[in-house]
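Look at the structure first, then go through the points by topic.

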Amino acid sequence: MIMSAFNAIGEEREIDRDEFTPGVEPQPTWCPGCGDFGVLKSLKQALPEVGKTPEEVLTVTGIGCSGKLNSYLDTYGFHTIHGRSLPVARAAKLANPELEVIAAGGDGDGYGIGGNHFIHTARENHDMTYIVFNNEIFGLTKGQTSPTSPKGHKSKTQPSGSAKSPLRPLSLSLNAGASYIARTAAVNPNQAKEIIKEAIEHDGFAHVDFLTQCPTWNKDARQYVPYVDVQESDDYDFDVSDRAEAAEMMRETEDVLNEGTVLTGRYYVDEDRPSYTQEKKAVGELPEEPLAERYFDDDAEWERSYDLLERHT
């Protein structure tokens, strides 16, 4: 068994889902009926099944209702500023590659304010899981139009209805370069758990668009029911490893969402593409010894950033 200098990483033992509940559990401030509870439950179920302990996981969140996730999930946590969960998650993974990194944000946080980071993290195929709580609204700031709000949706910022068509998150993810793309919903907990498991186990950037109903500020979205699992339905047949077929299925899924048909499932999986870390190691741009483990030796000589920058001046 390979053990990290962080002695909890690589430890083999039985893991109970209750370990991911804080010892002093805070009272959730999510509204009753909020879909965010579904994400939390799925993570608590999935992490023990993939053999991860709380000490092996870092949860990085942005700003919004989704940002409260790492208060209710007992792992290492980093609450970043708006739209910036992915660059912090990338840095953590590069510094400590053995750490299981999960980034999370809402549709406003991830597809709006942090949209540039989303595109380039997918393009570079960083090895992490990114869960976007997609409720088609800005919830924490009390009901403004978000990038995924449907055309015509009325809100405080668009009282006459949004004039813009919504962003297509699955298609954007595919075009940007994500190597695992799925959509699930809080109303489908069994599928959600399995998709979260697959995303965590995937080597590369795994993007999960998680439909989370907002009963307070987006009553138009209702409960995202009835839903259809595209892998289980006889009406849909496509190869998740074929980019063209995946793109066509994504377009259909995004077209019909606001017409009352909720399609969920796995849309694209590329098991062969190397992750960003693997590619950097292959060209000699990442050290064999991870940065996070470099200074456990008391005699280690500390490097200073200005020394490393000399080569660029």
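Glu136 is buried, because its relative accessible area is 3% (buried means under 20% relative accessible area, exposed over 50%, partly exposed in between, with a 1.4 Å probe and protein chains only). Glu136 lies in the loop between β4 and α6. Its phi is positive, about 60°, although Glu136 is not a glycine.

This is a predicted model, in which local features need pLDDT of at least 70, side-chain atom pairs count only at pLDDT 80 or more, and totals for chains, interfaces and linings use all residues. Residues are numbered from 1 along each chain as its sequence is written, and side-chain values use heavy atoms, with hydrogens and water left out.

**Positive phi angles**

- Most residues other than glycine have a negative phi.
- Asn125 is not a glycine, yet its phi is positive, about 60°.
- Asn125 sits in the loop between α5 and β4, just after α5.
- Asn125 has a relative accessible area of 0%, so it is buried.
- Gly51 follows α1 and has a positive phi near 80°.

- Helices (H or I, at least four residues) and strands (E, at least two) are DSSP runs, numbered from the N terminus.
- Helix α1 covers residues 36-49, which is 14 residues.
- At 1.5 Å a residue α1 should span 20 Å, and its end C-alpha atoms are 21 Å apart, which agrees. The expected span is 1.5 Å times one less than the number of residues.
- In α1, 10 of the 14 residues are buried, so the helix is largely enclosed by the rest of the structure.
- Among the buried residues of α1 are Asp36, Lys44, Leu40, Leu43 and Leu47.
- The buried residues of α1 pack against strands β1 (57-61), β3 (100-106), β4 (128-134) and β6 (205-211). They also pack against helices α2 (69-72) and α7 (189-201).

**α1 against α7**

- The axes of α1 and α7 come within 8 Å and cross at roughly 45°. Axes are lines fitted to C-alpha atoms, for helices over the stretch in contact, and angles run from 0 to 180 degrees between N-to-C directions.
- α1 and α7 are therefore oblique to each other. Angles under 35 degrees count as roughly parallel, over 145 as roughly antiparallel, 65 to 115 as roughly perpendicular and the rest as oblique.
- The crossing of α1 past α7 is right-handed (the near helix is turned clockwise from the far one by less than a right angle).
- From α1, the contact uses Ser42, Leu43, Gln45, Ala46, Leu47 and Glu49. From α7, it uses Pro189, Ala192, Lys193, Glu194, Ile196, Lys197 and Ile200. Contact means heavy atoms within 4.5 Å.
- The residues in the contact of α1 with α7 are 7 nonpolar, 2 polar and 4 charged. Ala, Val, Leu, Ile, Met, Phe, Trp, Tyr, Cys and Pro count as nonpolar, Asp, Glu, Lys and Arg as charged, and the others, Gly among them, as polar.

**α6 against α8**

- Helix α6 (residues 169-176) packs on helix α8 (residues 243-256) at about 155°, with the axes 8 Å apart.
- That angle makes α6 roughly antiparallel to α8.
- Pro169, Leu170, Ser171, Leu174 and Asn175 of α6 meet Arg243, Ala247, Met250, Arg251, Thr253 and Glu254 of α8.
- This contact of α6 with α8 holds 5 nonpolar, 3 polar and 3 charged residues.
- In α6, 6 of the 8 residues are buried, leaving the helix mostly covered. They are Pro169, Leu170, Ser171, Ser173, Leu174 and Ala176.

**Helix α5**

- Gly115, His117, Phe118, Thr121, Ala122 and Glu124 are the buried residues of α5 (residues 115-124).
- Their cover includes α3, α4 (107-113), β4, α6, β6 and α9 (276-282).

- Ala246 is in helix α8 and counts as buried, at 0% relative accessibility.
- Not counting residues up to four places away in sequence, Ala246 touches Phe238, Asp239, Tyr267 and Tyr268.
- Ala246 and Arg273 are 27 residues apart along the chain, and their C-alpha atoms are separated by 16 Å.
- Ala91 is in helix α3 (residues 85-95) and counts as partly exposed, at 45% relative accessibility.
- Ala91 and His202 are 111 residues apart in sequence and 19 Å apart in space, C-alpha to C-alpha.
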